[in-house]
Amino acid sequence: MLTQHKGELDQKAALHAEEMKKLVAKNCDVINEMDKKHQSERKAMVSEYNDLIDSIKIEREEEVELLKSRHDDIEKELGLRNEYLEKKKEDLEKKNEDLEKKKEHIEKKKEDLAKKKEDLERKNECLEKKSDDLEKKKRRFGEK
């Protein structure tokens, strides 16, 4: 009876072991299925993130190109402004030189006129003296 009982227990143990093997296999299948599903979801998320990163990189590159273009435009405009200001500066310097020459010319004319005035005043004094002398002579002759 013990052998029979042992045989039944062995049979039950074998059945139990078989059921356990089936359950373990089923669990492994479920785990593998879930792992595949999660791996697929992770791949999809990684792909989505990579696409997002690529689109951000493209946007940044476009922004960089736009900024470079703006920078080039600003440098060009500044170059033109500098050229304009340099030309303006040269024109003003030339005008300043011309004005200095005119000022010197006017001062020279002023000096010449002052000399002429002095000469004319001396001549006028001489003429007045001669006129006075003539007047005196005329009176003397008139008295005689």
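Author: A residue is called buried when its relative accessible area is under 20%, exposed when it is over 50%, and partly exposed in between (1.4 Å probe, protein chains only). This is a predicted model, in which local features need pLDDT of at least 70 and side-chain atom pairs count only at pLDDT 80 or more, while totals for chains, interfaces and linings use all residues. Residues are numbered from 1 along each chain as its sequence is written, and side-chain values use heavy atoms, with hydrogens and water left out.

Reader: Where is D133 found, and how should I read a helix label?

Author: Helices are DSSP runs of H or I with at least four residues, numbered from the N terminus. D133 is found in helix α1, which covers residues 2-143, and its relative accessible area of 35% makes D133 partly exposed.

Reader: How many salt bridges are counted, and what separates the closest atoms of K87 and D91?

Author: A salt bridge is a side-chain nitrogen of Lys or Arg within 4 Å of a carboxyl oxygen of Asp or Glu, and by this rule the count comes to seven. In the pair formed by K87 and D91, the closest N and O atoms are 3.4 Å apart. Both residues lie in helix α1, four residues apart, about one turn of the helix. K87 is partly exposed at 48% relative accessible area, and D91 is partly exposed at 33%.

Reader: Which residue does K108 pair with, and where in the helix do the two partners lie?

Author: K108 forms its salt bridge with D112, with 3.9 Å between the closest N and O atoms. K108 and D112 are both in helix α1, four residues apart, again about one turn of the helix, and D112 is partly exposed at 33% relative accessibility.

Reader: Which residues are linked with R122 in a network of salt bridges?

Author: The network links E118, D119 and R122. Within it, R122 forms a salt bridge with E118, the closest N and O atoms being 3.9 Å apart, and because these two residues are four residues apart in helix α1, about one helical turn separates them. R122 is partly exposed at 46% relative accessibility, and E118 is partly exposed at 44%.

Reader: Which residues make the nonpolar surface patch, and how is a patch defined?

Author: Patches are made of residues with over 30% relative accessible area and no salt bridge, joining like charges within 9 Å and nonpolar side chains (Val, Leu, Ile, Met, Phe, Trp, Tyr) within 5 Å. Here M45, Y49, L52, I53 and I56 make a nonpolar surface patch of about 470 Å². Of these, I53 has its place in helix α1 and is partly exposed at 42% relative accessibility.

Reader: Which residues form the negative and the positive surface patches?

Author: Lys and Arg count as positive and Asp and Glu as negative, whereas His and the chain ends are not counted. The negative patch is formed by E121, E125, E128, D132, D133 and E135, and the positive patch by K129, K136, K137, R139 and R140. K136 is placed in helix α1, and with a relative accessible area of 47% it is partly exposed.

Terms used:
Areas by Shrake-Rupley, 256 points an atom, 1.4 Å probe, with all protein chains shown as cover. Charge placed at Lys NZ, Arg CZ, Asp CG, Glu CD.
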